[in-house]
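This report describes one protein chain for a reader who is new to structural description.

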Amino acid sequence: MTTAVAAPFRFFSLHVVRTRRLGPSMVRVTFGGDDLRYFFSDGHDQSLSLFLPHPGQSEPRVPLELGDGWWQGWRELPDDVRAVMRSYTLRAMRRDPDEIDIDFVLHTPAGPASRWAARAAAGDRVLLLGPAIADNRAIRFRPPADTDLVVIWGDETAVPAVSAILEALPVGTRARVWLEVHDAGAMQDMVTVADAEITWLVREETRAEGSPMALDAIRAARLPAAEHPYVWIAGESGSVKALRRHFVGERGVDRRRVTFVGYWRQGLTEEQLREQG
């Protein structure tokens, strides 16, 4: 029996069902498990915390027996024992059978999560901290009802969320989308019934902070006239902040209609980010 965490989130004990390469730099891992009957989400950019085992471990080490004290207990475990924790976005959820998909970006050099995903095989065990209530605070894409234009920017870490968002937009919804990736192999076909114009930006090098390519492309763009635009920006924190300043300061978008999410920060591991947070 798994241990519940403060509602609406809880731990789910899962295993790999199958994997599929989506290109040279991304792999889709499908997870299953009896616990998924209690997993619910209405979001298209649903954030999750995934706990992975170290090489040689059969399952990730998280002290669930400590109940609400699991976090402190997990932090106190030795580095080579404590489960690797990484944040991901739910790509898809299905019933009968209960399954979820998570897309992993494969980095070079590879970090622990990227190495795990590249070698993942059916039966591998993980823990997931995710939602037990469909409408929860880890869902960020929430366009107001009066939205007449959706504007999206994301880097490769946001591609899964953007894909899910585009799939869910109603017929005819006007959307302008920029996706910035390291190489052309990361580009994917997007499925949508929205009136969506999708621009892929392939950058040649990693930049220390912000994204001049994204800023230049979006500054040069002529957005359709809209009275009530909604902007969703996700990816590297420096780029996200720079683009938010552009939309609010230069384009005059109401800051309450701009959602921005820093999935990662250039030069910092997720552990370092959490220490700062």
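## Cavities

The lining of the second largest cavity is made up of 3 nonpolar and 4 polar residues, with no charged ones. The model is a predicted one, and 2 cavities of 30 Å³ or more are counted in it. The second largest cavity has a volume of about 30 Å³. Its lining consists of Leu22, Gly23, Ser25, Met26, Gly185, Ala186 and Gln188.

## The second largest pocket

The second largest pocket holds about 320 Å³ of space. Its lining comprises 15 residues, and those nearest the centre of the pocket are Pro53, His54, Pro55, Gly56 and Trp116.

Which element gives the most to this lining? Helix α2 does, with 4 residues. Sorted by class, the lining of the second largest pocket contains 7 nonpolar, 4 polar and 4 charged residues.

## Nonpolar cores

The largest nonpolar core contains 24 residues, and Phe31, Ile100, Phe104, Trp116 and Leu128 have the most contacts inside it. Several elements each supply at least two residues of this core: β1 (9–23), β2 (26–32), β3 (47–52), β4 (84–94), β5 (99–105), α2 (112–119) and β6 (125–131). Another core, of 22 residues, lies apart from the largest one; among its members are Ala158, Leu169, Ala186 and Ala194.

When neighbours within four places in sequence are left aside, Ile100 is in contact with Leu14, Val29, Thr30, Phe31, Leu36, Phe39, Leu90, Ala92, Met93 and Leu128.

## Aromatic pairs

A pair of aromatic rings is described by the distance of the centres and the angle of the planes. In this model the count comes to 11 aromatic pairs. The pair of Phe31 and Trp116 is stacked, because the ring centres are 6.2 Å apart and the planes meet at 10°, an angle under the 30 degrees that counts as stacked. Phe31 belongs to strand β2 and Trp116 to helix α2, so this pair ties together parts that are 85 residues apart in sequence. Phe31 counts as buried because its relative accessibility is 0%. Trp116 is buried as well, with a relative accessible area of 11%.

The rings of Phe141 and Tyr230 form an edge-to-face pair, with 5.5 Å from centre to centre and 75° between the planes. Phe141 lies in the loop between β6 and β7 (149–155), whereas Tyr230 lies in strand β10 (residues 229–236); the pair thus links distant parts of the chain, 89 residues apart. Both Phe141 and Tyr230 are buried. Elsewhere, ring pairs link Phe11, Phe51, Trp70, Trp71 and Trp74 into a cluster.

## Buried positions in helices and strands

Helix α3 (residues 159–168) is mostly covered, as 8 of its 10 residues are buried. These buried residues are Val159, Pro160, Ala161, Val162, Ser163, Ala164, Ile165 and Leu166.

Thr259 is placed in strand β11 (residues 258–264). Is Thr259 buried or exposed? At 11% relative accessibility, Thr259 counts as buried, because the cut-off for buried is under 20%. Apart from neighbours within four places in sequence, the residues in contact with Thr259 are Arg140, Tyr230, Val231, Trp232 and Ile233.

His246 is found in helix α5 (residues 237–250). With a relative accessible area of 3%, His246 is buried. Not counting residues up to four places away in sequence, His246 touches Leu215, Ile218, Arg219 and Arg251. The positions of His246 and Tyr263 are 17 residues apart in sequence and, C-alpha to C-alpha, 19 Å apart in space.

Most residues other than glycine have a negative phi, and most peptide bonds are trans. The peptide bond that joins Asp96 and Pro97 is cis, with omega about 5°.

Asp96 counts as exposed because its relative accessibility is 76%, and the cut-off for exposed is over 50%.

Key:
Residues are numbered from 1 along each chain as its sequence is written. This is a predicted model: local features need pLDDT of at least 70, side-chain atom pairs count only at pLDDT 80 or more; totals for chains, interfaces and linings use all residues. Side-chain values use heavy atoms; hydrogens and water are left out. A nonpolar core is a set of buried Ala, Val, Leu, Ile, Met, Phe, Trp, Tyr and Cys residues joined through side-chain atoms within 4.5 Å. Buried means under 20% relative accessible area, exposed over 50%, partly exposed in between (1.4 Å probe, protein chains only). Contact means heavy atoms within 4.5 Å. On a 1 Å grid over the protein atoms alone, a cavity is a set of points where a 1.4 Å probe fits but cannot get out, and a pocket is an open set with protein on both sides within 12 Å along at least five of seven lines; lining residues have an atom within 4 Å of a point. Grid points are joined across faces, edges and corners, and a volume is the space filled by probe spheres set on the points. Ala, Val, Leu, Ile, Met, Phe, Trp, Tyr, Cys and Pro count as nonpolar, Asp, Glu, Lys and Arg as charged, and the others, Gly among them, as polar. Rings of Phe, Tyr and Trp (its six-membered ring) pair if their centres lie within 6.5 Å; planes under 30 degrees apart count as stacked, over 60 as edge-to-face and the rest as tilted.
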